[in-house]
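Subject: Handover of a structure and findings

Dear colleague,

Please find below the structure that I am handing over to you. My findings follow it, arranged by region.

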Amino acid sequence: MFLRFSFYMMEFNNQLLCVIQAKNKQDSLTPLKYKRITKQTEILVGMPVVVILDSLTYYERERLINQGVYFIISDKYAFLPSLIVNIQAKKKDKNPAKLTPAAQYLLLYYLLSEKSKEEYTIKDLVQILPYNYIALARAVANIEDCKLCSTELKDNTGIKYIRFGGYKRELWAKAQNYLSSPVKKVLYCDAISDGNFSISGVNALSHYSHLNSEQYETRAIWDKLFNPAGTLFNEVEGLYKIEIWKYPTTMLFFPNQNLVDKLSLYLSMREDPDARIEKELEIMIEEMKW
């Protein structure tokens, strides 16, 4: 089996990698076979193994990613999750102005979780958040660039561990300049159909505070789950307000799955001019059990 490949050694971000390449470019292997070969090779060489390929279709690339195979496609693309790397011929922004939607969702998940761990790997996060490996690797890099987490290679497996550290209340305060409203767009309608909507706005705040609820709710939905088909929604008026969010409107494994979380709610309403809402938002955050 090993005779079918050429072996090379390379260093990236101070990490040694074993690179393998099929001698016969016409040799076709399934992603599962690549997974088995790279895992066996890792045991022998004691370092992460990367497959170098000339080209791949998007579908083939996704299959390799799903199998956890590290690979490089010429000089165009690299999937090296052990190094929190996903390079697509562009430089990473070292001075981001804001957290990306996935990064903000990840940070808020950590802040809200009652059973948060001291450290995570990307594989851990894939099991608990509705994003794939690449999206979470980018999110972690974004959070680290904002100096809201740190990462460390702890052993020769090349696996990177993520730590947020410190008190959650302090991390929340430190993150304020990088956080933004989750609301991407606002629509209106006279009736709400079944779907992946969560209670947001005043009625969500009334659940978390002493504010009275309204007769017609504000509902929120992740833009990836929103179907604008038909004439149900408009941008002008309606009995119900519909918020299209940049990231999921609920936190998985949290108790209130039909209600947006406190921190996202705060970010979505903190610019509201109503003094009552401003007061209740402040009380809600102040009374949080971090």
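Predicted model: local features only at pLDDT ≥ 70, side-chain atom pairs only at ≥ 80, totals over all residues.

Is Ser 198 buried or exposed? Ser 198 is buried, as its relative accessible area is 2%; buried here stands for under 20% relative accessible area, exposed for over 50% and partly exposed for what lies in between, with a 1.4 Å probe and protein chains only.

Residues are numbered from 1 along each chain as its sequence is written, and side-chain values use heavy atoms, with hydrogens and water left out.

Overall picture

The protein chain has 9 helices and 12 strands; these are DSSP runs numbered from the N terminus, helices being H or I with at least four residues and strands E with at least two. Its C-alpha trace spans about 70 × 45 × 30 Å along the principal axes. Of the 290 residues in the protein chain, 46% are buried. Taking contacts (heavy atoms within 4.5 Å) between residues at least 6 apart in sequence, 63% join residues at least 24 apart.

The sheet around Ser 198

Ser 198 belongs to strand β10. Leaving aside residues up to four places away in sequence, Ser 198 touches Thr 218, Arg 219, Ala 220, Thr 249, Thr 250, Gln 257, Asn 258, Leu 259 and Val 260. Its bridge partner in β11 is Ala 220. Strands β10 and β11 (residues 218–222) pair in the antiparallel sense, with 3 bridges; pairing requires that DSSP finds at least two bridges between two strands.

Both strands are part of an open sheet of 4 strands, in the order β9-β12-β11-β10 and with mixed pairing. The edges are held by β9 (183–189) and β10 (198–200), each of which has a single partner strand, so one side of each lacks a neighbour in the sheet. On average, neighbouring strands of this sheet are turned by 35° against each other, direction ignored.

Helix α7 (residues 201–208) lies across β10 and β11 and runs at about 85° to β10. Axes are lines fitted to C-alpha atoms, for helices over the stretch in contact, and angles run from 0 to 180 degrees between N-to-C directions. Asn 203 is located in α7 and is buried, at a relative accessible area of 11%. Its side chain reaches the backbone nitrogen of Glu 214 at 2.7 Å. This is a polar contact, that is, a pair of N or O atoms within 3.5 Å; within protein, one must be able to donate a hydrogen and the other to accept it, and residues adjacent in sequence count only if both atoms are side-chain atoms. With residues up to four places away in sequence not counted, Asn 203 touches Ser 213, Glu 214 and Glu 217.

Strands β3, β4 and β5

Strand β3 (residues 49–53) runs parallel to β4, and 4 bridges join the two. Strand β4 (residues 70–73) in turn pairs with β5 in the antiparallel sense over 3 bridges. Ile 73 of β4 stands opposite Leu 53, and its bridge partner in β5 is Tyr 77.

In β4, Tyr 70 and Ile 72 point one way, Phe 71 and Ile 73 point the other way, and all are buried. Strand β5 (residues 77–80) is likewise covered on both faces, with Tyr 77 and Phe 79 buried on one side and Ala 78 and Leu 80 on the other.

Helices α3 and α8

The axes of α3 (residues 101–112) and α8 (residues 262–269) come within 9 Å and cross at roughly 130°. That makes α3 oblique to α8, since angles under 35 degrees count as roughly parallel, over 145 as roughly antiparallel, 65 to 115 as roughly perpendicular and the rest as oblique. Gln 104, Leu 108, Leu 111 and Leu 112 of α3 make the contact with Leu 263, Ser 264 and Leu 267 of α8.

Helix α8 is largely enclosed by the rest of the structure, because 7 of its 8 residues are buried. At its start, a side-chain oxygen of Asp 261 reaches to within 3.1 Å of the backbone nitrogen of Leu 263.

Cysteines

The structure holds 0 disulfides, a disulfide being a pair of cysteine sulfur atoms within 2.5 Å. Cys 149 is in no disulfide, and its nearest cysteine sulfur, that of Cys 146, is 9.1 Å away. Cys 149 is buried at 9% relative accessibility, and Cys 18 is buried at 4%.

Yours sincerely
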